[in-house]
Amino acid sequence: MRHFEFAVDHGHAKAVNETLGDVRRLRVSSIIVGLLFAAGAVWLYLRHSPWSYILAAVLAVAAVMSWWVSVWAPRKVGSIEDLYRRGPLVPAMVSETRPRGATILALIDIAKPETAVPHYALVVRNVRALPGHTLTEGERVPSVAVLSDRNTSSTAETWQLVSPMPIAWGTRDRGVLRRAVDAVDPVEWQLLRKNLAVSEKVRGAENERMLIDPHDLPAELLDRGDGA
């Protein structure tokens with residue numbers, strides 16, 4: 001697994017990193033929903049009837065669960081340094097552009113560490129901004145892969161949740177971006193560019209990812225699965 005080290009710019013990441021933004025929105029919405037459940041529980045309790053006590057208890061539990069999610073989500077994701085340190089460096093490219101943003105297509109091995117062979121997949125992510133990059137098709141966007149499971153008891157060979165997180169969301173330094181581009185094997189950039197045309201198809205696939213047939217992989221990537 002290939003990693004890329006750089007100094008994360010906290011102010012920049014807080015302002016533009018959409019992964020952190022998603023976590024913040026989940027946390028805020030969980031708190032608000034929890035407050036609504038709690039208010040409903042109090043209202044039902046004050047009606048002083050057997051059925052309202054039961055419903056109040058149900059809503060109280062739902063409120064506690066919502067507030068638990070607001071605490072659990074940031075801890076599960078970890079700090080921005082954790083995300084960039086743990087995630088493997090992967091190639092991504094701008095594959096589609098829109099008036100307000102773009103889609104990036106990434107090449108990611110979604111196999112878990114204990115899996116004997118790689119499982120390369122094309123993964124898309126819609127983004128609003130890419131500081132330090134031009135939003136033109138084919139623009140190289142070095143990223144890290146954020147990998148996790150919906151439930152910790154999963155025994156699948158591949159990660160359930162996979163998403164590319166651009167290095168550009170963690171630094172303003174264009175020298176760092178160039179160094180990250182160079183750290184990716186040219187073979188991977190070539191394979192990704194070859195598949196830019198399937199970006200829309202990947203967007204429509206389950207979990208916005210599509211496995212690549214091993215027969216379509218360059219020998220260099222297959223060799224890595226043999227321990228090369």
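Modeller: This is a predicted model. The largest pocket is lined by 32 residues, and those nearest its centre are Val146, Leu147, Ser148, Leu161 and Ser163.

Biologist: Which elements each supply at least two residues of the lining of the largest pocket?

Modeller: The pocket in question has a volume of about 890 Å³. Helices and strands both contribute at least two residues each to its lining. These elements are α2 (18-45), α3 (50-77), α4 (80-86), β4 (120-127), β5 and β6.

Biologist: How many residues of each class are in the lining of the largest pocket?

Modeller: Leu147 is one of the residues nearest the centre of this pocket, and Leu counts as nonpolar. Ser148 is another of them, and Ser counts as polar. By class, the lining has eight charged, seven polar and 17 nonpolar residues.

Biologist: Which residue in β6 does Leu147 stand opposite?

Modeller: Strand β5 covers residues 143-148 and strand β6 covers residues 161-166; the two run antiparallel and are joined by six bridges. Within this pairing, the residue opposite Leu147 is Val162.

Biologist: Which residue in β5 does Val90 stand opposite?

Modeller: Strand β1, residues 89-90, runs antiparallel to β5. Two bridges join β1 to β5, and at least two are needed for strands to pair. The residue of β5 opposite Val90 is Ser143.

Biologist: Turning to the second largest pocket, which element gives the most to its lining?

Modeller: The second largest pocket has a volume of about 500 Å³. Its lining comprises 23 residues, with Met1, Arg2, Asp109, Pro118 and Tyr120 nearest the centre. Two or more residues come from each of β1, β3 (101-109) and α8 (219-224). With three residues, the element that gives the most is β3.

Biologist: How many nonpolar residues are in the lining of the second largest pocket?

Modeller: Pro118 and Tyr120 are among the residues nearest the centre, and both Pro and Tyr count as nonpolar. The lining also has two polar and five charged residues. Its nonpolar residues number 16.

Biologist: Which elements give two or more residues to the nonpolar patch?

Modeller: Ile31, Leu35, Val64 and Trp67 make a nonpolar surface patch of about 340 Å². Two or more residues of this patch come from each of α2 and α3.

Biologist: In which helix is Ile31 found?

Modeller: Ile31 is one of the residues that make the nonpolar patch. Residues 18-45 form one of the helices, and Ile31 is found in helix α2.

Methods:
Residues numbered from 1 in each chain as written. Predicted model: local features only at pLDDT ≥ 70, side-chain atom pairs only at ≥ 80, totals over all residues. Heavy atoms only, no water. Helix = DSSP H or I, 4+ residues; strand = E, 2+ residues; numbered from the N terminus. 1 Å grid on protein atoms, 1.4 Å probe; cavity = no way out; pocket = protein on both sides within 12 Å on 5 of 7 lines; lining within 4 Å. Points joined across faces, edges and corners; volume = space filled by probe spheres on them. Patch = residues over 30% accessible without salt bridge, like charges linked within 9 Å, V, L, I, M, F, W, Y side chains within 5 Å. Areas by Shrake-Rupley, 256 points an atom, 1.4 Å probe, with all protein chains shown as cover. Salt bridge = Lys/Arg side-chain N within 4 Å of Asp/Glu carboxyl O.
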